[in-house]
Every structure is written in C-alpha cells, then in structure tokens.
Amino acid sequence: MTSAARPRVRTRALTGTLAAFSLSFGMIMISGATPASAATWPTPTNSQPVSSTISVSGTRDGGMVRYYGSGALAGDDQEEGQDPIFKLANGATLKNVIIGKPGADGIHCEGNCTLQNVWWEDVGEDAATFRGGSTYTVTGGGAKKAADKVFQHNGPGTLNISNFAVSEFKTLYRSCGDCSTQYTRKVNLNNIEVTGTGSTARLVGINVNRGDVATLRKITILNDSGRKVVPCQKYNNNDSAGTGPDSTNCLYSSSDITYR
C-alpha cells in the first residue's frame with residue numbers, strides 16, 4: 001500500500017511469451033526450476049469479472065481462471081486505499097490464479113498465507129499486501145507491469161518468495177516505510193528471474209533503521225547490461241540509506257546474482 005517509492009511513473013510495455021497452461025503450470029511448480037521456466041506465462045482457462053472482493057479461507061484453487069476487477073474494483077492506477085480482488089483470512093491458500101487488468105489492489109493477506117502459482121498480468125496498486133501474521137509464502141507465478149510495487153509488507157514477520165518471475169516493475173518487495181505501526185521484517189528471495197527495462201528498479205527495499213533483513217539467493221537478471229536493477233535498497237523509513245550487500249541487512253554476494 002504505502003512505501004517510499006516516489007514519484008510514481010507508470011510505464012507500459014508488453015513483454016513475455018504466452019504458453020500453454022499445462023506447460024507453464026508444470027514447470028513453475030517444480031522445486032528448483034530453472035529461471036527460464038519461471039518466465040513461461042500461462043494462458044487463462046477462462047475470464048471472470050470481480051465487482052466485490054472475494055474472501056478466501058482454507059484453500060481456493062482458481063483453475064487458472066483470469067480474475068479482473070469491474071465496477072468498484074475497476075481501478076488499475078496507484079491511488080491508495082483501493083480494495084483487493086482477493087482477501088485471504090489467516091492460514092488461507094490461493095493457488096492457480098491469474099489476475100488480469102484492472103487489478104485493483106491485487107491480494108490482501110490478513111494473516112499467514114500462501115500464494116501458489118499466482119500470476120499478475122498487469123499489477124494495479126500492488127500485487128499483494130501482507131498485513132498480519134508471521135509467515136507468508138509466495139511460490140511460483142510471476143508479475144509484470146508494476147508501476148510501483150509488486151509485494152507490499154505492512155505487517156510483521158517473514159515473506160518467502162521463490163520460483164518467481166518479475167518484469168516491467170519498480171520494486172519487487174517493499175517493507176513499509178510509513179505504516180502507523182512498524183515492525184522488524186524479513187524477506188527471503190530464492191530462484192527469482194528478473195527482466196530489466198533499462199530504468200532503475202529495486203528487488204527489495206528494506207528499513208535498516210528497523211532492523212529489516214533481506215536474503216537473496218539464485219537471482220537471475222536479464223536485459224540489464226547497465227546494471228539498473230538494484231538488488232537491495234536500504235532505507236531509514238522513507239529516506240534512502242544506500243545499496244549493496246552487507247553482513248547485517250542485505251545478505252547476498254556477487255555469486256548470488258547472475259546477469260544474462
């Protein structure tokens with residue numbers, strides 16, 4: 001929801017290749033899948049408009065249906081306070097879902113949650129916001145066309161992101177810089193494919209003054225000869241506090257980042 005990313009500039013350019021559902025689903029869910037597999041985007045089995053937020057408890061399997069906002073959920077800009085397409089109760093799992101355009105505020109996790117093989121074709125305000133709980137898991141899937149953030153971490157705890165593809169974005173993960181209640185947060189990135197666009201983007205933005213910790217492993221960055229993608233951006237709340245690996249907050253080394 002809120003973050004330090006200002007000003008907000010929306011860029012739109014279509015990349016990626018659509019492929020058959022059976023191929024994309026099978027590849028992305030394999031543990032340790034190569035980064036090339038993660039970039040295979042699924043073809044939706046159907047499309048469904050959503051005019052009011054869908055509440056999820058337990059497990060919901062979307063069957064690779066594309067859900068998109070309509071009516072009150074038809075927003076796709078960066079206006080704060082939009083409602084999500086899905087709201088997940090504590091302990092809920094949402095899997096095999098495509099969120100299309102308009103994407104509104106994507107997904108809200110009210111507690112611990114799992115997002116499995118979820119794809120955002122055109123991120124609205126944010127792709128997903130993590131509000132409460134202690135452990136959140138994003139495994140498989142991908143997101144593109146995020147003019148600001150993909151994942152917004154407002155609550156406490158640890159977000160684990162693995163086997164995920166991201167392109168046309170400004171920030172993949174942001175620990176909230178100005179929430180009314182602040183926490184020490186952690187994020188773990190593993191086996192992430194990133195496609196650069198020639199403009200500055202950040203994989204993670206963390207608050208070092210709050211003791212946040214980001215761990216990056218098996219990051220592959222494509223189309224970034226100018227090294228515009230910043231692996232780890234440090235903030236003191238909303239004020240920039242440097243970049244790069246260290247032994248306290250940004251835990252990675254040059255061997256964890258592969259450029260292709």
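**Core, strands and a loop residue in a predicted model**

Leaving aside residues up to four places away in sequence, F86 touches T53, I54, V56, R60, Y67, L94, V97, I99, G106, I107 and H108, where a contact means heavy atoms within 4.5 Å. The model is a predicted one, in which local features need pLDDT of at least 70 and side-chain atom pairs count only at pLDDT 80 or more, while totals for chains, interfaces and linings use all residues. Residues are numbered from 1 along each chain as its sequence is written, and side-chain values use heavy atoms, with hydrogens and water left out.

F86 also belongs to the residues with the most contacts inside the largest nonpolar core, together with L115, W120 and F151. This core has 54 residues; a nonpolar core is a set of buried Ala, Val, Leu, Ile, Met, Phe, Trp, Tyr and Cys residues joined through side-chain atoms within 4.5 Å. Strand β13 (residues 157-175) gives the most to this core, with 7 residues. In soluble globular proteins, nonpolar side chains tend to be buried together.

Turning to the whole protein, there are 2 helices and 20 strands, taken as DSSP runs numbered from the N terminus (helices: H or I, at least four residues; strands: E, at least two). Of the 260 residues, 54% count as buried, that is, under 20% relative accessible area, with exposed set at over 50% and partly exposed in between (1.4 Å probe, protein chains only). Among contacts between residues at least 6 apart in sequence, 58% join residues at least 24 apart. The accessible surface comes to about 10000 Å², of which 48% belongs to carbon and sulfur atoms, as computed by the Shrake-Rupley method with a 1.4 Å probe.

Strand β13 leads on to its neighbour in the pairing pattern. Strands β13 and β15 run parallel and are joined by 3 bridges, with pairing defined as at least two DSSP bridges between two strands. Within this pair, R174 stands opposite G205 in β15. Strand β15 (residues 201-207) is mostly covered, 7 of its 7 residues being buried. On strand β17 (residues 229-236), β15 finds another parallel partner, over 6 bridges; there A201 has V229 as its bridge partner.

S134 lies between β10 (128-130) and β11 (135-139), and counts as partly exposed because its relative accessibility is 42%. Not counting residues up to four places away in sequence, S134 touches N112, G157 and T158. S134 and L159 are 25 residues apart in sequence, yet their C-alpha atoms are 8.4 Å apart in space.
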